[in-house]
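The sequence and the structure are shown first, and the description follows.

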Amino acid sequence: MGDADAAAIRAERANWMQQHLATYLNSGGTQGHIVDLSDLGGRELTTHCLIRYTGRKSGKTYIKPLIYGNVGGEVVIVASKGGADTNPEWYLNIVAAKTLGVQIATQAFEATWREPEATERHDVWEYMCHLYPPYVAYQRSTSRHIPLVMLRTVRPVDVFTSTPD
């Protein structure tokens, strides 16, 4: 697919993503947690979390809705960027930090992160591809190894309430 094709897909979906984020935030998480992505090859009941992180260069706070899974009590997010040849900015920013904020429906928490390796990574990847089948095509379209990020709860925090800077 490459960066140009992935960018076109992201541009087409950008308005939808902003609306999704606004719905999630404005409802306190009562809406936006589960979204029908069957029109994209996903599932009707696709779960989404919000991640809140700080830009490593800008220092600004960002909030991003992402598909997530739960493996052994850890939240799993995928740095797919639609199969682009580069990692998403949110991934680069959380790699530079020790913790990030995560909201699932009406509950938010601070979390630490890690990346699974070897057999665990393979098993988690297979699970995430089951949850959202387009991940398979995303990986085929790029030579980069799409990162998986596993999040572990540290402490509860207030739900996210507004669009960041």
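Rings of Phe, Tyr and Trp, the last represented by its six-membered ring, are taken to pair if their centres lie within 6.5 Å. In this predicted model, ring pairs link Trp125, Tyr132, Tyr135 and Tyr138 into a cluster. The count of aromatic pairs comes to 6. The rings of tryptophan 90 and tyrosine 91 have centres 6.3 Å apart and planes at 85°, so this pair is edge-to-face. Tryptophan 90 counts as buried because its relative accessibility, 4%, is under 20%.

**Overall architecture**

The chain contains 4 helices and 7 strands. Along the sequence, these elements follow the pattern α-β-β-β-β-α-β-β-α-α-β. Of the 165 residues in the chain, 44% count as buried. Among contacts in the chain with a separation of 6 or more, 67% are accounted for by residues 24 or more positions apart.

**Strand pairing**

Glutamate 110 belongs to strand 6. The side chain of glutamate 110 makes a polar contact of 3.0 Å with the side chain of threonine 99. When neighbours within four places in sequence are left aside, the residues in contact with glutamate 110 are Thr99, Leu100, Arg152, Thr153, Val154, Arg155 and Val157.

In soluble globular proteins, nonpolar side chains tend to be buried together. The largest nonpolar core of this chain has 18 residues, of which Cys49, Ile51, Ile77, Trp90, Val102 and Leu151 touch the most other members. Two or more residues of this core come from each of strand 2 (46-54), strand 3, strand 4, helix 2 (89-95), strand 5 (99-104), strand 6 and strand 7. Another core, of 15 residues, lies apart from it and includes Val78, Trp125, Cys129 and Leu148.

Isoleucine 77 shows the surroundings of one member of the largest core. Not counting residues up to four places away in sequence, isoleucine 77 touches Cys49, Ile51, Leu66, Ile67, Tyr68, Trp90, Pro147, Leu148, Val149 and Leu151.

**Buried residues**

| Residue | Relative accessible area |
|---|---|
| Phenylalanine 160 | 1% |
| Glycine 69 | 2% |
| Threonine 46 | 3% |
| Tryptophan 90 | 4% |
| Tyrosine 91 | 9% |

Glycine 69 is found in strand 3, residues 61-71, and threonine 46 in strand 2. These two residues are 23 positions apart along the chain, and their C-alpha atoms are separated by 9.2 Å. What surrounds each of them, neighbours within four places in sequence being left aside? Glycine 69 is in contact with Glu74, Val75, Val76, Tyr127, Met128 and Leu131. Threonine 46, by contrast, is in contact with His33, Ile34, Val35, Leu37 and Ile67.

Phenylalanine 160 lies in the segment after strand 7. With a relative accessible area of 1%, phenylalanine 160 is buried. In sequence, phenylalanine 160 and valine 102 are 58 residues apart, while in space their C-alpha atoms are 8.8 Å apart. Neighbours within four places in sequence again left aside, phenylalanine 160 is in contact with Leu25, Leu50, Ile51, Arg52, Ile63, Gly101, Val102, Gln103 and Ala108. Two of these contacts, Ile51 and Val102, are also among the residues that touch the most other members of the largest nonpolar core.

Notes
Residues numbered from 1 in each chain as written. Predicted model: local features only at pLDDT ≥ 70, side-chain atom pairs only at ≥ 80, totals over all residues. Heavy atoms only, no water. Polar contact = N/O pair within 3.5 Å; in protein donor to acceptor, adjacent residues only side chain to side chain. Contact = heavy atoms within 4.5 Å. Buried < 20%, exposed > 50% of the residue type's maximum accessible area, 1.4 Å probe, protein only. Phe/Tyr/Trp six-rings, centres within 6.5 Å; stacked < 30°, edge-to-face > 60°. Core = buried A, V, L, I, M, F, W, Y, C linked by side-chain atoms within 4.5 Å.
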